[in-house]
Amino acid sequence: MEPLAYSMRPKNFDEIVGQSHLIGKNGAIRRLVKNNKLPSIILYGKPGIGKTTIANVIVSELGLPS
């Protein structure tokens with residue numbers, strides 16, 4: 001059984017709160033994913049701010065295996 005936090009994690013960009021400059025409707029990462037032109041990126045920051053969640057959503061949006 002997986003931890004509750006894993007099942008509650010956002011599954012798409014619309015479910016993520018914050019970081020609108022990156023993943024909002026006109027955010028840089030969201031536009032790159034939509035156009036399938038995502039270069040290699042580094043998500044940097046303190047623990048718990050959503051780096052892994054954003055990475056998982058990118059993988060999901062691109063239809064790649066996780």
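Here are my entries, one topic at a time.

**Entry 1: Confidence**

I began by noting that this is a predicted model. I looked up the confidence and found that the chain averages a pLDDT of 93, with 100% of the residues scoring at least 70. Then I went through the elements. Helix 1 (residues 4-8) has the lowest mean pLDDT, at 89, while helix 3 has the highest, at 95.

**Entry 2: The nonpolar core**

Which residues make up the largest nonpolar core? I listed 8 of them: Phe13, Ile16, Ile23, Ile29, Val33, Ile54, Val57 and Ile58. Helix 3 and helix 4 each supply at least two residues of this core, and helix 4 gives the most, with 3 residues.

Setting aside residues up to four places away in sequence, Ile58 touches Phe13, Ile29, Val33, Leu38 and Ile41.

Next I turned to Ile23, another member of the core, which I found in helix 2 (residues 20-23). Is Ile23 buried or exposed? Its relative accessible area is 2%, so Ile23 is buried, the cut-off being under 20%. Beyond its neighbours within four places in sequence, Ile23 is in contact with Phe13, Ile16, Gly18, Ile29 and Arg30. I also checked a distance: the C-alpha atoms of Ile23 and Asn12 are separated by 9.9 Å, and these two residues are 11 apart along the chain.

Leu22 lies in helix 2 as well. With a relative accessible area of 24%, Leu22 is partly exposed. I noted its contacts too, not counting residues up to four places away in sequence: Leu22 touches Gly27, Ala28, Ile29 and Arg30. The C-alpha atoms of Leu22 and Leu32, 10 residues apart along the chain, are separated by 9.9 Å.

**Entry 3: Thr53**

I then moved to helix 4 (residues 51-61), where Thr53 has its place. Thr53 is buried, at a relative accessible area of 13%. Which residues does Thr53 contact, leaving aside its neighbours within four places in sequence? I wrote down Arg9, Pro10 and Ile16.

**Entry 4: The largest pocket**

I looked up the largest pocket and found about 160 Å³ of space in it. Its lining is made of Asn12, Phe13, Asp14, Lys25, Arg30, Arg31, Val33, Lys34 and Glu61. Helix 3 (residues 28-34) gives the most to this lining, with 4 residues. By kind, I counted 2 nonpolar, 1 polar and 6 charged residues in the lining.

**Entry 5: Two positive phi angles**

Last, I looked at the backbone in two loops. Gln19 is not a glycine, yet it has a positive phi of about 55°. I located Gln19 in the loop between helix 1 and helix 2, where it counts as partly exposed at 32% relative accessibility.

Asn36 is also not a glycine, and it has a positive phi of about 55°. Asn36 has its place in the loop between helix 3 and helix 4. Is Asn36 buried or exposed? At 59% relative accessibility, Asn36 counts as exposed.

Definitions and conventions: Residues numbered from 1 in each chain as written. Predicted model: local features only at pLDDT ≥ 70, side-chain atom pairs only at ≥ 80, totals over all residues. Heavy atoms only, no water. Buried < 20%, exposed > 50% of the residue type's maximum accessible area, 1.4 Å probe, protein only. Contact = heavy atoms within 4.5 Å. 1 Å grid on protein atoms, 1.4 Å probe; cavity = no way out; pocket = protein on both sides within 12 Å on 5 of 7 lines; lining within 4 Å. Points joined across faces, edges and corners; volume = space filled by probe spheres on them. Nonpolar A, V, L, I, M, F, W, Y, C, P; charged D, E, K, R; others polar. Core = buried A, V, L, I, M, F, W, Y, C linked by side-chain atoms within 4.5 Å. pLDDT = per-residue confidence, 0-100.
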